[in-house]
Amino acid sequence: MTRSREKLDLLIIGAGPAGISAADAAAREGLNYLVIEKGFIAHTIYRYPIGLTVFSTPDELEMRPGALQPCREKPTREELLTHYVRFVLDRDLRINTEEEALELRREDDGFLVRTTRDQYAAARVLVAVGAMAYPRRLGVKGEDLAKVHHRFVEAFPYVRKEALVVGGGNSAAEAALFLAEAGARTKLAIWRSDWENRDPKRGAIKHWVRAPLETQIELGRLEVLLFREVVEIRERDVRLVLEDGRERVIPNDVVFVLIGSDADLSLLRQVGVEIRRVGLCDVPVYDPESFETNVPGLYVAGHFTLARHIKEAIAVPRRIVPLIAQSLRRSAVG
């Protein structure tokens, strides 16, 4: 594999909201930049359930004020995807999709990034890869059965089927809601602490999800199981231990394990970025102002940092890319 001839000022890894925002900022700073994305533009949004209404309002998601104009108060997955893709196309941002970064290596004058297509030399690198690379698993017998999924896409294949959703956050609650509304015989296995949590700052189920969820419970279309653990998943049923210690076997055709996911930090680890544990997640250590890691010239942004909301994922690159441009200009003068 030959190295791309041009030396980049900034290589951006990931084309989600953070990567798109970084590309826009880099273009406005006049930097020679490139974005590489192993999937599609806004790939994390693409992986949302079909027809999903996004949690946030347009002003928290849009690339420019007033640019995202959904039909209702909050945009759907499809409206948000169109917004990001159109933003990229209208500005002709340099984004290579379906090109995965395989290796990140330090060099005397910057970094070398090897991908599935090419190799790139760059003075600075910004990693903005998202936080959904590795779905978390229960680690129970039967979790590898074909009927078990760690991502929810749509409900209609499961009409009149026995569906179990395991999880305590919005993703699990929404999947259970969609399944119940579509006609699946749905059960939501959730820990009491998550079910009774009403604090948005502690990850409570959003009120516009909980209200229709409770309606489905009242209609008898959804059963909530306050549980302690899933013991075993079998072809025709699932064994659980409920909160009170009783074991229950429920008939089952499909299981959705939606208990969170983790970022792929392998590229950062390759070059010695310091990683620390925050709650359930591994997070790179970085300067809170510049978002530069302990490896000089290597920056991070997006959902796998502590600035996790999409609004912050968009805002952070607008602050740090001008700082990167300044450091490059100082280096050139020096």
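Accessible areas here come from the Shrake-Rupley method with a 1.4 Å probe. The structure on screen is a predicted model.

**Whole chain.** Start with everything selected and a surface displayed. The accessible surface of the chain comes to about 16,200 Å², and carbon and sulfur atoms contribute 48% of that area. Of the 334 residues, 49% count as buried.

Switch to the C-alpha trace. Along its principal axes the trace spans about 70 × 40 × 35 Å.

Eight helices and 18 strands make up the secondary structure of the chain. Among contacts with a separation of 6 or more, 61% are between residues 24 or more positions apart.

**A pocket.** Next, select G51, T53, C71, R72, E73, K74, T76 and E79, which line the second largest pocket. The space in this pocket is about 200 Å³. What kinds of residue form the lining of the second largest pocket? Four are charged, three are polar and one is nonpolar.

**A loop.** Then go to G260, in the loop between β14 (254–257) and β15 (261–262). Is G260 buried, partly exposed or exposed? Its relative accessibility is 38%, so G260 counts as partly exposed.

Last, pick L104 together with G260. The two are 156 residues apart in sequence, and their C-alpha atoms lie 27 Å apart in space.

Methods. Residues are numbered from 1 along each chain as its sequence is written. This is a predicted model: local features need pLDDT of at least 70, side-chain atom pairs count only at pLDDT 80 or more; totals for chains, interfaces and linings use all residues. Side-chain values use heavy atoms; hydrogens and water are left out. On a 1 Å grid over the protein atoms alone, a cavity is a set of points where a 1.4 Å probe fits but cannot get out, and a pocket is an open set with protein on both sides within 12 Å along at least five of seven lines; lining residues have an atom within 4 Å of a point. Grid points are joined across faces, edges and corners, and a volume is the space filled by probe spheres set on the points. Ala, Val, Leu, Ile, Met, Phe, Trp, Tyr, Cys and Pro count as nonpolar, Asp, Glu, Lys and Arg as charged, and the others, Gly among them, as polar. Helices (H or I, at least four residues) and strands (E, at least two) are DSSP runs, numbered from the N terminus. Buried means under 20% relative accessible area, exposed over 50%, partly exposed in between (1.4 Å probe, protein chains only). Contact means heavy atoms within 4.5 Å.
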